[in-house]
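Dear colleague,

Please find below the structure that I am handing over to you. My notes on it follow directly after the sequence and coordinates.

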Amino acid sequence: MADETKVETPTSEAQTPPPPAAPAAPAAGPTSGRPERGPRGDRGPRGRRRGPEQSEDRDSGFAEKTLFINRSAKVVKGGRRFSFSALVVAGDRQGRVGIGLGKGAEVSDAIRKGGDNAKARLLSVSIKDNTIPHEVLAEYDGARVLLRPASPGTGLICGKTVRAVVESAGVRDILSKSLGSKNPANVAKATLGALLKLRRREEILKTRGIEPRNVKAE
């Protein structure tokens, strides 16, 4: 019996190293649980990042900004086919601005086509001292946009869509208010229509047949 006890004592000593490994197993349990929480936590922000508005500036002399990206799906035999449309505004920040709509099978193609369409439809806008000459109100479908001139240093007090159009045209100080629909396409077109209504003092005097010099002297 004494020999058996001697044999058991080394076996117990040989088994002493495994117990430290036993606590390591529970430590692996929480670590295995953390990766499961990681993907779930990442999935939430990914859904939130689907903002409708993104901006991009290129070095071609024009400022391009993406106002809205829309995804549409067509159900066909064997699955779905997705297509994207992008509303882009482009301008040289010197009184010329345009809006274009592009469509494509990928987002990059839609944005590129929208930028090309916007550059091909540039329109001249009257700007005076980094602001607009006078107050103006324009409507397009359900959207109504009010623009007012502002003193130097005021900045762009307007929403995202109006800001993108006005900033691309070269305006730095302005006050605005969207009074109707919040549809980005309608708001952008209403803003562009308001900018096209602007007229400088010299232009108005010419249409009335009055010389600007005489008016200044008075």
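Predicted model: local features only at pLDDT ≥ 70, side-chain atom pairs only at ≥ 80, totals over all residues.

The buried residues of α3 are Ala110, Ile111, Gly114, Gly115 and Ala118. Viewed down the helix axis, these buried residues fall within an arc of 130°, and they therefore line one face of α3.

Helix α5 covers residues 184–196, which makes 13 residues. Its first and last C-alpha atoms are 18 Å apart, close to the 18 Å expected at 1.5 Å a residue. The buried residues of α5 include Pro184, Asn186, Val187 and Ala188, as well as Leu192 and Leu195.

Turning to the strands, β2 (residues 63–76) and β3 (residues 79–91) run antiparallel and are joined by 13 bridges. Within this pair, Ala73 stands opposite Phe82 of β3. The hairpin of β2 and β3 has two residues between the strands, and Gly78 there takes a positive phi near 100°.

Strand β3 is also joined to β4 (residues 96–104), again in an antiparallel arrangement, by eight bridges. Phe84 has Gly104 in β4 as its bridge partner. Four residues lie between the strands in the hairpin of β3 and β4, where Arg93 has a positive phi near 60°.

A further group of four strands forms an open sheet with mixed pairing, in the order β6-β7-β9-β8. Strands β6 (136–140) and β8 (156–157) stand at its edges; each has a single partner strand, so one side of each is left without a neighbour in the sheet. The partner strands β8 and β9 (residues 174–178) run parallel and are joined by two bridges. In this pairing, Ile157 stands opposite Leu175 of β9.

Finally, I would draw your attention to Asp173, which is found in the loop between α4 (160–169) and β9. Is Asp173 buried or exposed, and which side chain of opposite charge is nearest? Asp173 is buried yet has no salt bridge, and the nearest side chain of opposite charge, that of Arg172, is 7.4 Å away. A polar atom of the Asp173 side chain does, however, lie 3.5 Å from the backbone nitrogen of Gly153.

With kind regards

Key
Residues numbered from 1 in each chain as written. Heavy atoms only, no water. Pairing = 2+ DSSP bridges. Expected span 1.5 Å × (residues − 1). Buried < 20%, exposed > 50% of the residue type's maximum accessible area, 1.4 Å probe, protein only. Arc of directions from axis to C-beta. Lys, Arg positive; Asp, Glu negative; His and termini not counted. Salt bridge = Lys/Arg side-chain N within 4 Å of Asp/Glu carboxyl O. Polar contact = N/O pair within 3.5 Å; in protein donor to acceptor, adjacent residues only side chain to side chain.
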